[in-house]
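Subject: Structure for you, with notes

Hello,

Here is the structure I promised to send. Please open it first, then read the notes below.

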Amino acid sequence: RPRRWMHWRISRNSIALRLCLASCVLQLPHCFPFRLSNPGLHRRALASMSVSSLPSRDDAKKIFQAAVAAVNPELLAESAITVKEGGKSVCVAGREVSAANGVHLIAFGKASLRMARGAEKKLGEVLRGGVVICQSSDEAKQEGFKSEIVTGAAGNMPDEGSLSGTTKAVELATKAGEGETIIVLVSGGGSALLTLPVAGISLADKLAATKALVRAGASIQQLNTVRKHLSLVKGGQLAAAAYPATVVGLVLSDVVGDPLDVIASGPTVCDTSSYQDALAVIDSLSALSSLPPSVVDHLKRGAAGNAGVSETPKEGDERLQSASTNIVGSNRIAANAAIFEAQALGYAADVATLELNGDTSDAALMVAATVRQLLAAAEG
């Protein structure tokens, strides 16, 4: 599967994180290739250095560990929440909301348990309850929660567990009234865990459509454009279901560029795509014939504006006026922490880009080749 990670640039007049890159090639399957900002300059700088003076593997590990620590899901959620006025209000990612009528929690994604643990720790008695949808592999970590824990998405694909958990989450959202607050914790893998197909489409058909699009080479943006229009919760519909309650989303991003409407299919933000866009994606991938008839029929009826097939909430939708969503963790935050640590260790370092993506195997070969070039230059 295509994967994403932070990228490094060899900084002016020094070699920055050379062994960090080498370590990544050997151990971390998420690294991607990068380009030197000035290859000739860096080769000349390297030529004046001995191999023994190059960064150590221990330093590379410290830099990497600093990046990981900066996006610790539990700490990110905990630090984003502050209970104020003796529990009358809560500040969530800088937004103060009422807690007088209760605060509820909905969490889904691969980091849902850890994010929920941090949120519950900070909310304390203010929390009335919640629903946490997590992957089955996380079962051993489920003790000590006030929220109900539901497992699903074995193999990172939606299943009956996902459907059960999402049904519970929607029930919580629809029961919340004006003056109540729902904190929604979102992380990577959320699309598979938060799943509730529209009427007329079975979970099996939605899963078949997802697999067909993946086989056809759909990007995460393309995949989510289609999935949002087969769902009752994606594309802003979870927040819409909670109206008139206040909704505050905290997002740990796993998508290049951090687009809120793409991460976990944007359940708490307005959707910028349409049924026509979904059909255009399918057409561009030549995937129409591989999709279940129920899926194709629903999308065509939606594109035609048929009664009974609602479009996802768009900008200005009244039901989203009391909803806000914030990125609390991303590769930008991780990369900045790595740079800070590298500089503290005496290296000149910078980030080349945060928006590269591609096939992991190809990227690893390119990174390895670049590292070999740097070593050759350093050795003269």
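**Ser294 and its contacts**

Leaving aside neighbours within four places in sequence, Ser294 is in contact with Gly200, Ile201 and Asp205. Please keep in mind that this is a predicted model. Ser294 sits in helix α12. Its C-alpha atom is 5.9 Å from that of Ile201, although 93 residues separate Ser294 and Ile201 in sequence. Is Ser294 buried or exposed? The relative accessible area of Ser294 is 19%. The cut-off for buried is under 20%, so Ser294 counts as buried.

**The protein as a whole**

The protein has 14 helices and eleven strands. Of its 380 residues, 54% count as buried. Take the contacts in the protein with a separation of 6 or more: residues 24 or more positions apart account for 78% of them.

**Strand β8**

Strand β8 covers residues 181-186. Six of its six residues are buried, so β8 is largely enclosed by the rest of the structure. In a regular strand, side chains alternate between the two faces of the sheet. In β8, Thr181, Ile183 and Leu185 point one way. Ile182, Val184 and Val186 point the other way. Residues on both sides are buried.

Which strands pair with β8? One is β5, residues 103-108, which pairs with β8 in the parallel sense over six bridges. Leu105 has Ile183 of β8 as its bridge partner. Another is β9, residues 246-252, which runs parallel to β8 and is joined to it by six bridges. Here Val186 stands opposite Val251 in β9.

Val186 is worth a look in your viewer. Val186 lies in β8 and is buried, with a relative accessible area of 2%. Not counting residues up to four places away in sequence, Val186 touches Phe108, Met115, Leu250, Val251, Leu252, Ile263 and Ala264. The C-alpha atoms of Val186 and Ser112 are separated by 6.9 Å. Along the chain, Val186 and Ser112 are 74 residues apart.

How many cavities of 30 Å³ or more does a search of the whole structure find? The search finds one. The largest cavity holds about 40 Å³ of space. Val186 and Val251 are among its lining residues.

**Helix α11**

Helix α11 covers residues 275-284, and its buried residues are Tyr275, Ala278, Val281 and Ile282. They cover an arc of only 115° around the axis, which puts them on the same side of α11. What do these buried residues pack against? Their partners are α8 (203-215), α9 (220-228) and α12 (293-303).

**The second largest pocket**

Tyr275 turns up again here. The second largest pocket is lined by 18 residues. Those nearest its centre are Val198, Leu232, Gln237, Tyr275 and Ser310. Two or more lining residues come from each of α10 (237-242) and α12. The space in this pocket is about 200 Å³. Its lining divides into seven nonpolar, seven polar and four charged residues.

**Backbone points to check**

Most residues other than glycine have a negative phi, and most peptide bonds are trans. These places depart from that pattern:

- Ala93 has a positive phi, near 55°. Ala93 is in the loop between β3 (89-92) and β4 (95-98). At 33% relative accessibility, Ala93 counts as partly exposed.
- Ser265 has a positive phi too, near 65°. Ser265 lies in the loop between β9 and α11. At 0% relative accessibility, Ser265 counts as buried.
- Ser286 follows α11 and has a positive phi, near 55°.
- Tyr243 and Pro244 are joined by a cis peptide bond, with omega about 10°. Pro244 is found in the loop between α10 and β9.

Best wishes

Methods:
Residues numbered from 1 in each chain as written. Predicted model: local features only at pLDDT ≥ 70, side-chain atom pairs only at ≥ 80, totals over all residues. Heavy atoms only, no water. Buried < 20%, exposed > 50% of the residue type's maximum accessible area, 1.4 Å probe, protein only. Helix = DSSP H or I, 4+ residues; strand = E, 2+ residues; numbered from the N terminus. Arc of directions from axis to C-beta. Contact = heavy atoms within 4.5 Å. 1 Å grid on protein atoms, 1.4 Å probe; cavity = no way out; pocket = protein on both sides within 12 Å on 5 of 7 lines; lining within 4 Å. Points joined across faces, edges and corners; volume = space filled by probe spheres on them. Nonpolar A, V, L, I, M, F, W, Y, C, P; charged D, E, K, R; others polar. Pairing = 2+ DSSP bridges.
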